[in-house]
Amino acid sequence: MGKTIDEISYALEEGILCFNVESFQELELLNQVAGEAGKVAPVALRVNPDVDPRTHPHIATGLRENKFGVAWEDALRAYEVASSLPNVRVVGVDAHIGSQITSVEPFVESAKKLSELVGRLMDNGVTLEHIDIGGGLGIRYRDEDPPEPGEWVSALLPVLEPLGLKIIFEPGRSLVGNAGILLTKVLYVKETPYRNFVIVDASMTELIRPTLYGAYHEVLPVERRGGEILRADIVGPVCESGDFLAKARTLEKPKPGDLLAVMSAGAYGFTMSSNYNARPRPAEVLVRGDRFQVVRERETYGDLIRGERFLGI
Ligand SMILES: Cc1ncc(COP(=O)(O)O)c(C=O)c1O
């Protein structure tokens with residue numbers, strides 16, 4: 001949402017499949033920008049089906065109080081407006097109700113509402129080419145039991161297939177979440193009368209999910225050493241008490257220099273990383289069997305100030 005004129009122009013030049021439009025103003029702007037470029041923009045309306053995805057509130061996107069999509073009550077009117085605009089061409093309908101959803105029911109509920117809308121549009125003479133059900137399929141971080149991708153699709157097809165439209169899914173987390181780990185080195189083990197801390201060289205700047213959503217990530221030693229067990233928070237070097245990767249974990253007491261693997265960090269990990277506290281981002285390494293490749297170099301301090309200018313005032 002919140003597409004700028006520059007972004008719209010770029011997408012028009014590139015000839016993207018379609019614009020998922022989220023408001024009446026966006027529709028008008030798209031029509032204007034497309035007209036100026038001498039193009040006709042393919043459009044799907046992202047509707048807000050008001051479905052509870054039963055996930056963390058920050059990643060619920062299909063409830064009516066969420067900022068996303070055209071309100072359910074306004075959807076037919078939005079299609080009427082879109083159909084009347086000369087520089088847009090209505091091609092689809094779209095919804096994305098949230099992320100880390102661990103049961104099929106909310107998806108089915110959303111798909112049913114969308115297919116009901118498609119039916120009403122057909123009655124009004126509006127024909128579509130595709131229906132896009134969004135992403136959102138959850139993964140197992142701890143003890144969640146999300147549907148397998150096949151189950152997800154099988155639950156949705158009976159609702160979607162009869163429409164005879166091309167069906168689009170937008171999975172993100174479920175493809176990559178459990179394909180990535182964050183590898184971190186233990187710097188210190190600090191035991192206090194109140195709480196113990198394993199201080200590591202990764203932080204909220206590499207993986208913000210624990211502090212942002214209270215998310216749980218498994219933390220495992222790369223090499224098991226056995227011995228004493230410690231209950232501790234696993235924290236980073238950043239200047240905030242919100243800088244933690246895990247709270248109150250029971251683990252084999254590590255030594256400085258030991259490596260820990262923070263599991264399930266492949267989605268919303270690196271992409272949400274920052275340079276806060278002047279922390280260069282780590283390298284990204286792709287591993288396949290016994291082969292590996294650095295696919296993104298570790299940042300340097302030079303990278304942090306590249307692009308900064310001081311002209312003297
Ligand atoms: C519109 C849209 N589609 C798909 C996704 C991917 O969601 P997930 O990673 O939960 O599958 C997102 C995530 O923010 C999104 O905003």
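Start by selecting Ser264: with 24 C-beta neighbours inside 10 Å, this residue counts as buried. Here a residue is called buried if 20 or more other C-beta atoms lie within 10 Å of its own, exposed if 12 or fewer, and partly exposed in between, with C-beta atoms placed from the backbone. Before you move on, note that this is a predicted model, in which local features need pLDDT of at least 70, side-chain atom pairs count only at pLDDT 80 or more, and totals for chains, interfaces and linings use all residues. Residues are numbered from 1 along each chain as its sequence is written.

**Stop 1: the loop around Ser264**

Ser264 sits in the loop between strand S12 (259-262) and strand S13 (284-288). Helices (H or I, at least four residues) and strands (E, at least two) are DSSP runs, numbered from the N terminus. Look at the backbone of Ser264: its phi is positive, about 55°, although the residue is not a glycine. Most residues other than glycine have a negative phi.

Now select Tyr268, which is also in the loop between S12 and S13. Tyr268 is another non-glycine with a positive phi of about 55°. It counts as buried because it has 22 C-beta neighbours inside 10 Å.

**Stop 2: the ligand**

Which residues surround the ligand? Select His96, Ser99, Gly134, Gly135, Gly136, Leu137, Glu170, Pro171, Gly172, Arg173, Ser174 and Ala267. A residue belongs to this shell if its C-beta atom, placed from the backbone, lies within 6 Å of the molecule.

**Stop 3: the whole chain**

Zoom out to see the protein chain, with its eight helices and 14 strands. Along its principal axes the C-alpha trace spans about 70 × 60 × 40 Å. Of the 313 residues, 32% are buried. Among contacts with a separation of 6 or more, 71% are between residues 24 or more positions apart. A contact means that the C-beta atoms of two residues, placed from the backbone, lie within 7 Å.

**Stop 4**

Go to helix H1 (residues 5-14), where one of the 10 residues is buried, so the helix lies largely in the open. Just after H1, Gly15 takes a positive phi of about 70°.

Axes are lines fitted to C-alpha atoms, for helices over the stretch in contact, and angles run from 0 to 180 degrees between N-to-C directions. Angles under 35 degrees count as roughly parallel, over 145 as roughly antiparallel, 65 to 115 as roughly perpendicular and the rest as oblique.

To see the contact itself, show Ile5, Ile8, Ser9 and Leu12 in H1, which meet Leu29, Leu30, Val33 and Ala34 in H2. By class, this contact has seven nonpolar, one polar and no charged residues.

**Stop 5: helices H4 and H5**

Next, select helix H4 (residues 105-123) and helix H5 (residues 149-160), whose axes come within 9 Å and cross at roughly 20°. H4 is therefore roughly parallel to H5. On the H4 side, show Phe107, Val108, Ala111, Lys112 and Ser115; they meet Trp152, Ala155, Leu156, Val159 and Leu160 in H5. The residues of this contact divide into eight nonpolar, one polar and one charged.

**Stop 6: two strand residues**

Select Lys166 in strand S6 (residues 166-168). Is Lys166 buried or partly exposed? Lys166 is partly exposed, because 13 other C-beta atoms lie within 10 Å. Leaving out residues up to four places away in sequence, Lys166 touches Glu129 and His130. Lys166 and Glu129 are 37 residues apart in sequence and 6.2 Å apart in space, C-alpha to C-alpha.

Finish at Val186 in strand S7 (residues 182-191). Val186 counts as partly exposed, with 19 C-beta neighbours inside 10 Å. Not counting residues up to four places away in sequence, the residues that Val186 touches include Val198, Val200, Pro254 and Leu260.

Terms used:
Ala, Val, Leu, Ile, Met, Phe, Trp, Tyr, Cys and Pro count as nonpolar, Asp, Glu, Lys and Arg as charged, and the others, Gly among them, as polar.
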